[in-house]
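Q: I would like to learn how to read helices and their packing. Please take one feature at a time.

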Amino acid sequence: MSQLAKQPLITGPDDAYRYLRRRIIDFTLLPGEFLSENALAAQMGTSRATVREAIARLAEEGCVEVFPQRGTQVNRISINRLRHAVFLRTVLEESVLRQLCDTGLTDAQFKALEDSLKKQRAYYAAQASTELLDEDTHMHRLFYEYCGREHAWNSFSIINCDMMRIRQLQIMTYSYKVQMVAVASWENTLTEHRMILDCLRRQDAEAIAVMCHQHLGFITRDADHLRRLYPQYFYENEKSEDIIF
């Protein structure tokens, strides 16, 4: 089993769940890897019962699978689960962004979004992949918060593990290599964030709808290439389900 990054402060099942989910998303715990409750409990300084409760929650979300008498395995990435997640996120986010264009944002809300974009650029420059993805996620969560749709964001987050892992792979694979084309790098994502904020300032609902589909659509487009680069991370011979966006 992979070594976990640093000794976490675990005070209960929620902490254990968040820590393990983060380690799955950042590939510290690899797809297909078997997990030991005893080892995880020792590494996190907590009880097996706490780890077991966290694992049960991760299993409900499709992050891991529990095999009786064998143990727990980190699920490989499912292209079909990914496509369903991106489809749902696109429908939700277009609605949220259109609503924000209708209602407008306060100066304080725009400042928070601009500050988030600045942090993303700083993390990108520092090649801090995990922090970059966290801040990217924070910006999108603010969109939902500003129109009172936090529950929609929280509900979606239950099914977004594969989507988050693909985004982490995108950053790690495309963003820091000079030979990669610009459209595949996270620089393009930052540019799209800039354009989304500009659309919000203009309250241009039609333009922001187009940007939303383009911004999230790249996730599924890149997934097929990433599957060829990292076949060990994906399910083999998965029957494709076509989803029209």
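Q: How are H6 and H7 oriented to each other?

A: Two packed helices are described by the angle between their axes and the distance between the axes. This is a predicted model, in which local features need pLDDT of at least 70, side-chain atom pairs count only at pLDDT 80 or more, and totals for chains, interfaces and linings use all residues. Residues are numbered from 1 along each chain as its sequence is written, and side-chain values use heavy atoms, with hydrogens and water left out. Helices are DSSP runs of H or I, at least four residues, numbered from the N terminus. Axes are lines fitted to C-alpha atoms, for helices over the stretch in contact, and angles run from 0 to 180 degrees between N-to-C directions. The axes of H6 (residues 129-146) and H7 (residues 150-157) cross at roughly 140 degrees and come within 7 Å. H6 and H7 are therefore oblique to each other; angles under 35 degrees count as roughly parallel, over 145 as roughly antiparallel, 65 to 115 as roughly perpendicular and the rest as oblique.

Q: Which residues of H6 and H7 make the contact?

A: Contact means heavy atoms within 4.5 Å. H6 supplies Thr137, His140, Arg141, Tyr144 and Glu145, and H7 supplies Glu150, Ala152 and Trp153.

Q: At what angle do the axes of H2 and H3 cross?

A: The axes of H2 (residues 37-44) and H3 (residues 48-60) cross at roughly 110 degrees and come within 9 Å. H2 and H3 are therefore roughly perpendicular to each other. Among the contact residues are Leu40 of H2 and Ile55 of H3.

Q: Where does H10 bend?

A: A bend at a residue is the angle between axes fitted to the seven residues ending there and the seven starting there. H10 bends by about 30 degrees at alanine 223.

Definitions and conventions: Helix = DSSP H or I, 4+ residues; strand = E, 2+ residues; numbered from the N terminus.
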